[in-house]
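Here's a quick briefing on a protein model, grouped by topic. Have a look at the structure first, then read on.

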Amino acid sequence: MTSTSKDLTVDVVVIGAGPTGENVADRAVQGGLTAAIVERELVGGECSYWACMPTKALLRDAAALRAAKALPAAGKAVTGTLDADAVFARRDQFTSGWKDAGQVEWLTGAGITLVRGHGRITGTRTVTVTDSDGTTTNLQARQAVVIATGTTALIPPVPGLADASPWTNREAAAATSVPERLAIIGGGVVGAEMATAFSALGSQVTLISRTRLLAGVEEFAGEHVADALRTYGVALHLDRDATEVRRDDNGEVHLTLSDGTDVAADEVLVATGRVPSTKDLGLEHVGLTPGKWLKVDDALAVVDDSGRLEDGWLYAAGDINHRALLTHHGKYQARALGDLIAARARGEEPDLSTWGRHAATADERAVTQVIFTDPEVVAVGHTAESAEAAGIEVGVVDYDLGSVAGASLHADGYRGQARMVIDEQRKVLVGFTAVGPDISELLHGATIAIVGEVPLDRLWHAVPAYPTISEIWLRLLETAGRDR
């Protein structure tokens with residue numbers, strides 16, 4: 001078979017057609033530029049097929065069942081257990097059966113050119129794409145090249161683990177059957193969410209974590225989730241390491257832990273973090289080291305270890321720049337970056353001031369996160385610990401979420417907690433964390449208060465409706481005191 005080559009020149013070339021890459025290209029086109037996007041797998045990326053959407057679909061039925069059982073009459077009306085096949089079938093709807101025709105149609109409608117294949121930087125503003133059939137496309141960017149290739153799962157160097165055919169988030173998200181016993185290595189978001197999902201689907205789940213559960217959020221939130229997982233039958237081995245893993249001839253997985261405990265399972269899921277997808281992008285052609293996270297300046301332009309720019313044409317957005325490894329923050333960066341590239345193309349100076357149009361200030365001051373465990377965890381901005389580390393004069397206000405009228409109506413025996421982190425000098429909110437059933441929609445109110453730097457005395461005038469769980473805001477302010 002004879003391979004062919006073609007050339008294409010556009011204003012912006014984006015490598016990676018996940019949510020971040022799609023949004024960069026879309027904003028650039030809306031700004032009057034032309035854009036091509038390169039993708040070697042499925043258009044839509046990790047979030048659409050192996051992370052955000054399918055995993056939340058796996059969790060949703062369990063959450064609805066729990067909510068019904070938390071009410072006396074509804075609980076009596078609910079019988080039986082979850083139908084795993086039905087859960088998987090609904091999950092498949094959200095991934096479009098792992099086909100990307102719908103996403104490709106969106107690209108076409110947005111005026112973005114799709115080039116399939118593996119893209120590598122081969123020179124200044126130049127990306128060479130090689131498709132699976134050997135066809136190459138040489139893309140030349142008039143304005144910018146943006147790397148938005150995201151991350152892949154980290155497989156830690158535990159003896160025997162790589163040879164035991166472990167699951168990563170991809171295998172868990174795309175599972176077609178429920179293992180009788182599932183061992184999870186890692187107590188972060190993926191580990192905790194998948195422990196929630198698969199225990200609800202009928203697996204006997206064992207979770208091993210070298211730290212406390214959900215170490216990235218306030219400790220009280222992780223403790224609430226840990227208590228709930230234990231109630232659901234999940235065996236937690238916290239502050240422990242897996243020191244050896246092997247799969248025997250019968251397919252059974254055996255894990256040895258640092259305290260000498262032995263764990264047997266049918267599958268093992270590794271959820272110990274992510275590594276950047278930069279190994280084979282041609283970074284060596286621009287003086288960068290393959291396999292590393294990409295450092296960026298305030299404009300998301302790639303810099304080397306000395307802080308030197310590559311003539312201002314190479315950018316990195318999303319997980320790959322390690323600012324905030326969350327899909328919504330990647331899309332936020334992408335919107336700012338696409339507008340910035342278009343502005344520079346028009347000869348305009350971008351607004352990179354704090355909260356400026358082309359800045360990504362929220363990556364530093366208002367990172368938002370929902371953890372879809374049962375109970376849910378929501379967090380934005382600082383924890384008490386991170387605020388102190390940042391030199392902020394910290395005030396902490398806690399309140400029992402279960403004592404709010406709306407929560408007691410929502411479910412019998414409702415348990416939860418909320419925390420405000422206050423900058424005592426400026427008298428503004430700089431952090432908020434809450435844990436409890438069905439609280440994800442509480443998050444955006446806290447985010448607006450932090451981004452808007454709303455003074456506490458003004459927040460008193462934001463009256464929450466009664467009786468809703470949002471009344472937690474009034475209770476937190478009352479606890480803080482009106483003279484604060």
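For accessibility, buried means under 20% relative accessible area, exposed means over 50%, and partly exposed is in between, using a 1.4 Å probe and protein chains only. This is a predicted model, where local features need pLDDT of at least 70, side-chain atom pairs count only at pLDDT 80 or more, and totals for chains, interfaces and linings use all residues. Residues are numbered from 1 along each chain as its sequence is written, and side-chain values use heavy atoms, with hydrogens and water left out.

**Disulfide**

- With a disulfide taken as a pair of cysteine sulfur atoms within 2.5 Å, the count comes to one.
- That disulfide joins C47 to C52, with an S to S distance of 2.4 Å.
- The torsion about the S-S bond of C47 and C52 is about -130°, so this disulfide is left-handed.
- C47 is buried at 11% relative accessible area, whereas C52 is partly exposed at 23%.

**Helix 3 against helix 5**

- Helices (H or I, at least four residues) and strands (E, at least two) are DSSP runs, numbered from the N terminus.
- Helix 3 (residues 52–69) packs on helix 5 (residues 84–94) at an angle of about 150°, and their axes are 9 Å apart.
- Axes here are lines fitted to C-alpha atoms, for helices over the stretch in contact, and angles run from 0 to 180 degrees between N-to-C directions.
- The crossing of helix 3 and helix 5 is right-handed; that label applies if the near helix is turned clockwise from the far one by less than a right angle, and left-handed if anticlockwise.
- Contact means heavy atoms within 4.5 Å, and helix 3 makes it through M53, P54, A57, L58, R60 and D61, while helix 5 brings V87, F88, R90, R91 and F94.
- The contact residues divide into seven nonpolar, no polar and four charged, where Ala, Val, Leu, Ile, Met, Phe, Trp, Tyr, Cys and Pro count as nonpolar, Asp, Glu, Lys and Arg as charged, and the others, Gly among them, as polar.
- F94 of helix 5 is partly exposed, at 37% relative accessibility.
- Leaving aside neighbours within four places in sequence, F94 is in contact with S48, M53 and A57.

**Strand pairing**

- Two strands pair if DSSP finds at least two bridges between them.
- Strand 1 (residues 5–15) runs parallel to strand 6 (residues 136–147), joined by ten bridges, and T9 has Q140 of strand 6 as bridge partner.
- Strand 1 also pairs in the parallel sense with strand 2 (residues 35–39) over four bridges, and here V13 is partnered with A36.
- Elsewhere, three strands form an open antiparallel sheet in the order 11-12-13.
- Strand 11 (242–247) and strand 13 (262–265) are at the edges with a single partner strand each, so one side of each has no neighbour in the sheet.
- Neighbouring strands of this sheet are turned by 20° against each other on average, direction ignored.

- What kind of peptide bond joins D374 and P375? It is cis, with omega about 10°, and P375 is in the loop between strand 17 (368–371) and strand 18 (376–381).
- A cis peptide bond also joins Y466 and P467, with omega about -5°.
- K427, which is not a glycine, has a positive phi near 60° and is in the loop between strand 20 (417–423) and strand 21 (428–436).
- E453 has a positive phi of about 50° although not a glycine, and is partly exposed at 29% relative accessible area.
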